[in-house]
Every structure is written in structure tokens, then in C-alpha cells.
Amino acid sequence: MNASSQHRFTLPFPIEDNGLIIGGVSVSQLAERVGQTPFYAYDREMLSQRIAMLRAALPADIHLHFAIKSNPMPALVQHLAGLVDGFDVASAGELKTVLDTVMPPDKISFAGPGKTDRELRQATAARIVVNVESERELSQLAEIGASLGIKPKVAVRVNPDFELKSSGMKMGGGPKQFGIDAEIVPALLARINEWDLDFYGFHIFSGSQNLRAESIMEAQEKTFDLARRLAEFAPRPVRLLNLGGGFGIPYFPGEQPLDVVRVGENLRNIVPDARKDFPEAEFVIELGRYIVGEAGVYVCRVLDRKVSRGQVFLVVDGGLHHHLAASGNFGQVIRKNYPVLVGNRVVGEAVENASVVGPLCTPLDILADRMELGHARVGDLIVVLQSGAYGYTASPRDFLGHPQPVEVLV
Ligand SMILES: *Cc1c(COP(=O)(O)O)cnc(C)c1O
């Protein structure tokens with residue numbers, strides 16, 4: 001039996017001697033090298049390949065930014081600094097991480113509601129672009145600019161008047177805490193010269209985790225149209241047009257990868273017209289999970305095998321506290337299993353139906369619920385795939401006070 005027929009998902013990593021290979025190293029050896037389980041491992045070469053694939057699919061006129069909230073591990077961000085055109089940050093903490101790289105400040109943007117005075121001062125002093133999400137931010141930035149003697153660079157984050165259809169997470173359209181409603185942006189732009197600010201352009205982000213090329217294509221077309229309408233009210237030609245992102249990755253059985261080539265072909269058709277309307281603008285797509293999600297795994301070790309009323313439980317040394325998303329508690333409505341396998345026994349001699357549970361005293365601490373897995377023994381390594389985004393930093397790691405996981409870039 002091969003791995004894909006057993007697991008009903010495709011393995012993004014090679015297998016040797018029945019062990020998963022991450023960054024050229026078997027997962028068992030990697031565990032020895034790391035010196036502990038649980039850990040997160042990110043495959044450097046896969047990250048590079050992913051960017052190369054995106055570059056080939058998208059027109060050269062579209063610049064690629066990495067949204068670092070999906071994975072702010074400093075070594076990974078340093079690696080990506082040489083591969084992408086810019087970074088998007090969402091806090092002063094993330095800003096620090098990207099300012100430690102070679103990325104030029106005007107290729108860094110800062111989005112997020114509720115930016116503090118201190119964050120706005122840091123952003124202004126760093127000379128990055130702030131995606132403003134309210135009138136309060138505009139006036140506050142103007143004050144900060146005056147006091148620092150620096151003209152703050154601003155782009156207006158627009159809450160669009162459309163949605164990214166069939167999105168895992170909607171972040172635009174309707175009432176939202178993100179951005180400024182499209183219908184009030186013209187009036188705001190008419191007044192923007194009241195503030196002494198350096199207007200760059202627009203940031204229009206409509207959603208996340210989308211696997212349907214048509215939905216993304218439609219949103220991108222609507223984004224260009226909205227930007228055209230708003231640009232008429234702008235104080236100067238648009239220099240930055242951030243089209244958002246939304247590219248999803250398959251997590252669950254039956255999900256198909258996004259057809260990025262189709263998205264790219266459509267962009268090749270629509271970008272030349274947009275280029276005429278925005279001759280000075282840098283067009284940006286910002287992606288998080290699409291760049292890093294598949295390149296990462298979470299690895300933990302089987303501590304115990306229990307059978308409760310006929311159901312096999314593999315109790316591991318990691319769980320919800322390290323990987324909230326895989327437990328189903330980070331945005332899922334109905335819990336579904338992430339792709340999980342026995343990393344040192346990829347194709348088991350025997351296959352069994354087992355649940356993988358963590359050490360926490362809550363029934364929510366599940367990494368796999370009644371899945372087909374190779375017959376695992378105590379000491380075996382359980383690997384959760386698709387774990388490169390929203391893993392380590394998106395989990396409540398202090399909950400119950402167990403040891404912290406380690407992160408490595410291999
Ligand atoms: C979270 C976020 C992203 C990244 O979303 P992914 O689903 O990881 O690609 C991009 N832009 C903004 C503004 C975000 O808030």
C-alpha cells in the first residue's frame with residue numbers, strides 16, 4: 001500500500017525507509033537533532049520552491065509580500081527576506097522581526113485595527129507604510145509626523161463593498177473592524193491634504209483561506225475596479241495598490257489545491273489595463289499561509305497507547321496548547337482532521353483506526369479523531385502536516401504549563 005492510498009492525502013515530503021524526510025533529514029534523526037519533542041520544523045527548500053512556483057504563475061508586474069503573522073519565526077523571515085518583495089506586519093513585535101532583515105522600509109507595510117500611539121511612532125520612525133484603518137490613525141500619524149519631522153507614509157485600508165466568496169475567513173465586505181468602509185473613503189481622501197501625510201495608495205484585503213480560483217479572480221477584478229473609483233479622489237497618483245491575498249491551502253479530506261496558474265493567467269489578462277490606469281503603482285499580493293503552510297510540520301511523540309471501549313487512543317506529548325488549529329479550535333465550525341501520520345512508520349505494517357490526543361485535561365485536546373494510521377507504538381513520532389502557518393504563535397502555549405515546543409528551519 002502506498003502512502004497516499006492509506007492516508008487519502010498527498011504527502012508534500014519524500015519518504016525514505018518508511019520515514020518522512022523534512023529538509024533532507026528523516027524525522028527520527030531530526031527529533032534527535034532537535035533534542036526534544038514536540039517541535040515544529042520548516043523546510044527551507046520547500047519555501048524557496050513555493051516562491052519560485054508563485055513567481056512563475058503570477059505576472060512579473062505583481063509583487064509578492066509575505067504576511068508574517070502566519071509565521072514570524074525569525075530564521076524563516078530572514079530566509080524569505082531574500083525571496084519576496086516585501087513584508088506585511090501587524091504589530092510592533094512583527095515590525096522588529098522584519099526590520100532585522102535586509103528588506104527596505106518602503107517595502108514593509110503595517111496593517112491591523114487598534115494600532116497604538118507607540119506603534120504608529122515606531123512605524124513612522126522606521127519609514128514604513130502604514131495601512132490606516134481609521135480617521136483617528138490619520139490624525140494621530142500627522143501629529144507624530146510633525147513631532148518627529150518625518151512625513152508618515154500612508155495607504156488607506158479599504159473595507160471593500162464586496163466579499164471574497166467562499167472564503168475560510170471573511171475580512172472585508174459588510175460591517176468589519178478592518179479598514180475604512182469604501183463608501184466613506186472618497187470624503188476622507190478629499191480631506192487628506194488637511195493632514196501632512198505622504199499618501200501611497202490603497203490596501204484592499206477581502207478574505208483568507210480560499211481554494212476557488214474563480215472567487216479569487218473575481219475579487220481581484222473587483223479590487224482593481226474599486227481602486228479605480230477611489231483613485232479619482234486621491235490627492236496624488238497611486239504608488240501602491242495592495243490587492244490582498246486569500247490564497248488557501250487544502251487541509252481536509254476532499255479539498256483540492258488552489259489553481260494558482262489560473263489565477264495568474266487571469267491577472268495576465270487584467271493587469272495590462274490596470275497598469276494604464278495606475279502607471280506609477282506597485283501592485284502587491286500579500287500571502288501568508290500559501291507561502292509557509294505546506295512547508296511546515298508539527299512533530300510529537302507517542303507517550304501511551306490506550307484502548308477505551310474499543311477505541312484506540314495514542315496519547316502524545318503535544319497537542320492543542322502547541323497547535324490550536326489542528327485541534328479544530330482556531331476558526332473551524334465543524335472539527336475535521338488535519339493530515340496526520342506516523343512519521344517514522346509512514347506506511348504501517350498494519351493500519352488501524354486511532355485517535356491522537358494530547359496531555360491536556362480537556363476533551364478538546366485532539367490532534368486526530370478516529371483516523372486511519374500506521375499501527376503506532378510508544379516512542380513513535382506523530383507528524384501533523386500543513387502546519388507551517390498559524391501554528392506555534394497561534395496557540396495557547398502556556399495553557400497547563402507543559403514544556404514549550406521548539407521551532408527549527410531545516
Ligand atoms: C492575515 C492577513 C494576511 C494573510 O492571510 P493568509 O490567509 O495567511 O494568507 C494577509 N493580509 C492581511 C491584512 C492579513 O490580516
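Across the interface of domain 1 and domain 2, one residue pair is found in polar contact, with both residues at pLDDT 80 or more. The model is a predicted one. No salt bridges are counted between domain 1 and domain 2. The area buried between these two domains is about 1,100 Å², and carbon and sulfur atoms give 70% of that area.

The division of the protein places residues 3-43 + 294-409 in domain 1 and residues 72-287 in domain 2. To the contact, domain 1 contributes 12 residues and domain 2 contributes 10 residues. The centres of domain 1 and domain 2, taken over C-alpha atoms, are separated by 34 Å.

The ligand has 13 residues around it, of which Lys-69, Ser-208, Glu-286, Arg-289 and Tyr-390 come nearest. By residue class, the shell around the ligand consists of five nonpolar, four polar and four charged residues.

For Ser-208, an N or O atom in the side chain is 2.4 Å from an oxygen atom of the ligand. For Lys-69, the distance from a polar side-chain atom to an oxygen atom of the ligand is 2.8 Å. Gly-288 takes part through its backbone, a polar atom of which is 2.9 Å from an oxygen atom of the ligand. On its own the ligand has 390 Å² of accessible area, and the protein covers 93% of this area.

How values were computed. Residues are numbered from 1 along each chain as its sequence is written. Side-chain values use heavy atoms; hydrogens and water are left out. A residue is near a molecule or strand if one of its heavy atoms lies within 4 Å of it. A polar contact is a pair of N or O atoms within 3.5 Å; within protein, one must be able to donate a hydrogen and the other to accept it, and residues adjacent in sequence count only if both atoms are side-chain atoms. Accessible areas come from the Shrake-Rupley method with a 1.4 Å probe; for residues, only the protein chains shown count as cover. Ala, Val, Leu, Ile, Met, Phe, Trp, Tyr, Cys and Pro count as nonpolar, Asp, Glu, Lys and Arg as charged, and the others, Gly among them, as polar. Domain bounds come from an automatic or database domain assignment. Contact means heavy atoms within 4.5 Å. Buried area is the accessible area (1.4 Å probe) that two parts lose on being put together, summed over both. A salt bridge is a side-chain nitrogen of Lys or Arg within 4 Å of a carboxyl oxygen of Asp or Glu.
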